[in-house]
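Please look through the following model before reading on. The paragraphs below go from the chain as a whole to its strands, its aromatic rings and its charged side chains.

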Amino acid sequence: MKNKAVVSTLICCTLFPTVVLAEESAADETLQAGSIPGEESPNDEALKDGSIQGIEQGLSKAELLTAVNVPKEEGRFHGTLGTNLEVEQVRRDDGINEGKVKYTFAQGSFRHDDLPGWDFGFYSGREYLYSGDLFSASYDRGTNAIQEVFVNRNYGFEKGNIGWGVALKSESIDERTTPEGKVFGSYQITDRLDIHGYAMYHVEIKQNRGNFNYWELEPGFGYKIADNSGAWLNFRLQQGEWVPKQGAKELETEWIIKPGVWYSWGKLSASLWGEFGKFEKEASATGAHLWTETYSKVGISANYPIAKNWRVFGETSYKWQDFKDGNDEEFGGYIPVFIAGINYSF
């Protein structure tokens, strides 16, 4: 659920571990799609995004870079508050043309000097789902209110850290409540190379419809090229099963390779990254193929301070898709995304 404006311990360890270990670690989805996982039609892109893919934490890479560059402030209570706007357009050769405008009203992560190793935070946002193109859209697909609270506990040692976290999320579009737990850690192999990763499990409880039971593993490596640059390579495996109160179970599996590089020119920081993967859905009982998506996604992110405690950030990405449905019909699609926002740190 991608969604918080600052980095909690988990995301710090998994995306920019070299940078975070070089500085003091600042303290990870909301569901991105606003769709309803588990619906009967496997041809619905929103369905797929609303389950496995939409679960990924909704932090843009630019937001993560802002956390790395947060100035240290006096006082015992520290944190970051932020807001952003996200626009996503889905176009497919089978006739799907729709999107969403997502407003993050407020999101934040906080820590206190008297509670070392702890961070906690919240997310509050709303998605407006539309049909057609953005500038001639018909907002006829509903809205989705998203809320989340989370807490993480991190234990540091000489060359790394381990920790755990819990979260509770809700979404209005399908009356969904999602308890979640995770463990994470990192280890500095050399001065430049580290290994990091996390494991997460949650259950999406949809009133009167069923549950989506989901787990996710993401190990990776970070490499410090120089004091102002680095790279990462993460690998994700995730699987979930839709268990309806009526009807057949469906099993969803996805793997992703996630490379990236980052660079800082002083105040300005930026990253170039990619996600390359495959998503498959099948009937749990028979193993019959229902849906396959192979995709490549590239993005660029940046952030810049406009005042001592304020940073603006932006991100744009483009995703190429190739689909095969349950009738073995093949077609393509693409998804451009744009994000812009501002964070305040104290």
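A residue is called buried when its relative accessible area is under 20%, exposed when that area is over 50%, and partly exposed in between, with a 1.4 Å probe and only protein chains considered. This is a predicted model, in which local features need a pLDDT of at least 70 and side-chain atom pairs count only at pLDDT 80 or more, while totals for chains, interfaces and linings use all residues. Residues are numbered from 1 along each chain as its sequence is written, and side-chain values use heavy atoms, with hydrogens and water left out.

The chain has 346 residues, of which 52% count as buried. Its accessible surface comes to about 14700 Å², and 59% of this belongs to carbon and sulfur atoms; such areas come from the Shrake-Rupley method with a 1.4 Å probe, and for residues only the protein chains shown count as cover. The chain contains 4 helices and 14 strands, which are DSSP runs numbered from the N terminus (H or I over at least four residues for helices, E over at least two for strands).

Strand 14 can be followed through its two partners, given that two strands pair if DSSP finds at least two bridges between them. Strand 1 (residues 77–92) runs antiparallel to strand 14 (residues 330–345) and is joined to it by 11 bridges, with N84 standing opposite G341. Strand 13 (residues 310–325) is also antiparallel to strand 14, with 15 bridges between them, and here S317 has V337 as its bridge partner. The hairpin of strand 13 and strand 14 has 4 residues between the strands, and in this hairpin D328 takes a positive phi near 65°.

Turning to the rings, the structure holds 18 aromatic pairs, where rings of Phe, Tyr and Trp (its six-membered ring) pair if their centres lie within 6.5 Å, and planes under 30 degrees apart count as stacked, over 60 as edge-to-face and the rest as tilted. The rings of Y103 and Y128 have centres 5.7 Å apart and planes at 80°, so this pair is edge-to-face. The two residues are 25 apart in the chain, Y103 in strand 2 (residues 97–112) and Y128 in strand 3 (residues 118–131). Y103 counts as partly exposed because its relative accessibility is 37%, and Y128 is partly exposed at 29%. F110 and F120 form a tilted pair, because their ring centres are 5.8 Å apart and their planes lie at 40°; F110 is in strand 2 and F120 in strand 3, 10 residues apart. F110 is buried at 11%, whereas F120 is partly exposed at 35%.

Among the charged side chains, a search of the whole structure finds 21 salt bridges, each being a side-chain nitrogen of Lys or Arg within 4 Å of a carboxyl oxygen of Asp or Glu. What does R236 meet in strand 8? R236, in strand 9 (residues 229–244), is tied to E216 in strand 8 (residues 210–226), so the pair joins parts that are 20 residues apart in sequence, and the closest N and O atoms of this salt bridge are 3.7 Å apart. R236 also forms a salt bridge with E218, with the closest N and O atoms 2.6 Å apart. R236 counts as buried at 6% relative accessibility, as does E216 at 3%, and E218 is buried too. Elsewhere, E171, D174, R176, E204 and K206 are linked in a network of salt bridges.
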